[in-house]
Amino acid sequence: MSTVFYRKWRPTRFSDVVGQEHITDTLRRAVLSDRVAHAYLFTGPRGVGKTSTARILAKALNAELDEHGDPIPETENAIAIDEGRFMDLIEIDAASNRGVGDIRDLRERVLLRPTVGQFKVYIIDEVHMLTTEAFNALLKTLEEPPPQVVMILATTDIHRVPATIISRCQRFDFRRLTTDDVIGRLILICEEEEIECEPAVLELVARSAWGSLRDAENLLEQLAVSYGTGEITEAQARELLGIGDTSSARNLASAILRKDAKRALEIIEEEASRGAELKGLRDSTISALRGALLAKHGIASIYGELGDTPDLEPEAMGASTDQMLHAITIFGRNERFGEASSPLALEIAALQAVAEPPKPESPAVAPQPARQPTRRSAPTVQQAPQAEPAPSQPAPADTSGSSRILEEIGKAAGTQVRTTFAQVNFIGPNNGVLVLQPKYTNGAKRLRDAWMNEEIRAKLRPAFQSVYGNDIRIQLQQAPSPAPATTRASTPAETRPAPEPTQFSTPPSNQLSDQSQPFDADHAITNHPAVQNLRSLGGRVVAIEDD
């Protein structure tokens, strides 16, 4: 029995892996420098080389290497790994061994030393299929495995892997392969397998695989078996792959963009009369509409990579984006094209795509009931309208000099003092006054203690003067208070006077410590006899003026 292409042409060295150089180069360097991690996590789409790279890494850990870090394929251990008979390489399918009992068995087996090679490598494929209990059982073993054990987890759905597992592994994200990467590999296989085909065939195969090299190799083998007697033509590839004729799909997409319902129905009838596969026509039409949507937004490179010629560019410029999105949605929603022999489903989809896209309905606003005036039995005090307080405009912070002064403070007074002043807003200087305001409440005491220290202040004097000049004066302020949760009656007594600026030639004032115990205006207002009498009558305090 012959070996299928994707197994026969599986890469056996790091240099054979297609399109994942950012991963293979890193693994090469890790092996050569003897800095291999105890656990790896390979994630990415299907068929891009996750399991193959894991096997190559196992081979590199247990076989001889060349000067580039690739395992030498002629060695005994490398041959045993390629043939699947290496005792120290254990592959586990998590889809069928997903229970906590399977992981407990694994924990017991990892304690055994390697029998043949230097490392025992465990490859757990589709690890996202493990149960929650199995993941919990794997945590400790994954974090601290024996020294001669390397665990490699592979998954196509990284979002289903717990964060506790991801954090214990070195993660490598495999990319979806480009069309050029897949075609290059298919050309090599065709040369070795003596398969003759038109160049367009390989492009169709690569596009149908959507970045999966394994799918592309399977499709190429299917074409070689079906039409291997001679050169494989594009028409044969389209027939086998279920891809509709490009010209018919392009004409149908053009009719939809021009809102020509009659022409769209004629094209569908012509394709159905000659026995074409309607599902292939539908898929090709979606691809053509997608290319038109990209062309409308000027993405010509992606448009060309899909293999569609820009014949729909005039129609795309004349159609709206909403119309193209509506058409793609209609064609992509109907899945019955391949099940029914009648073209009715495709005709209905074409007519719906030609029609105007539905406009979103505006939500109905329910009428609000009229508010009834409330009557109060107790006499009320007429309230004066309360004006909205104007937002306070803080002084501009010194964004240009703050980095310089912090650097000078660090040079003059050390890292600890610099850390204290790094939590300070430098406001100004304004009229020769530089305001130091702590960003946080708990930083006010550290700033005051540092400023009251004569030795530290002597070191800070030349630092401030070098940045702001010799005539600069320093003023200390409290940290900004958080906004209150509820609105309170405010009085001018709540506004505390700012401390006087402090010059370097005089000792700092004690106003910062005095401000730590401000006058509680709210308490005084609440206990005032006049206020209590007013509230007993149902009144409310709006403001208090100081005569």
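Me: How do I read helix α21 here: which strands does it lie across, and at what angle to β7 does it run?

Reply: Helix α21 (residues 443-452) lies across β6, β7 and β8, and runs at about 135° to β7. Helices (H or I, at least four residues) and strands (E, at least two) are DSSP runs, numbered from the N terminus. Angles go from 0 to 180 degrees between N-to-C directions, with axes as lines fitted to C-alpha atoms, for helices over the stretch in contact; contact means heavy atoms within 4.5 Å. One caveat: this is a predicted model, where local features need pLDDT of at least 70 and side-chain atom pairs count only at pLDDT 80 or more, while totals for chains, interfaces and linings use all residues. Residues are numbered from 1 along each chain as its sequence is written, and side-chain values use heavy atoms, leaving out hydrogens and water.

Me: And the sheet: what is the order of its three strands?

Reply: Strands of a sheet pair through backbone hydrogen bonds, either parallel or antiparallel. Pairing here takes at least two DSSP bridges between two strands. The order is β6-β7-β8, an open sheet with mixed pairing. β6 (424-430) and β8 (473-476) are the edge strands, each pairing on one side only. Neighbours are turned by 25° against each other on average, direction ignored. β6 and β7 (residues 433-438) run antiparallel, joined by five bridges; N430 has V433 in β7 as its bridge partner.

Me: Which residues of α19 are buried?

Reply: Buried means under 20% relative accessible area, exposed over 50%, partly exposed in between (1.4 Å probe, protein chains only). In α19 the buried ones are I405, L406, I409 and A413. Seen down the axis, they fall within an arc of 100°, so they line one face of the helix; the arc is that of the directions from the axis to the C-beta atoms. Their cover includes α20 (415-422), β6 and α22 (454-468). Just after α19, G414 takes a positive phi of about 105°.

Me: How about rings: which residues do ring pairs link into a cluster?

Reply: A pair of aromatic rings is described by the distance of the centres and the angle of the planes. Rings of Phe, Tyr and Trp (its six-membered ring) pair if their centres lie within 6.5 Å; planes under 30 degrees apart are stacked, over 60 edge-to-face, the rest tilted. The cluster holds Y40, F42, F172 and F174. Y40 and F42 are tilted, 6.3 Å centre to centre with 50° between the planes. F42 and F172 sit 5.9 Å apart by their ring centres with planes at 75°, so that pair is edge-to-face. It links F42 in β1 (residues 39-43) with F172 in β5 (residues 170-173), 130 residues apart.
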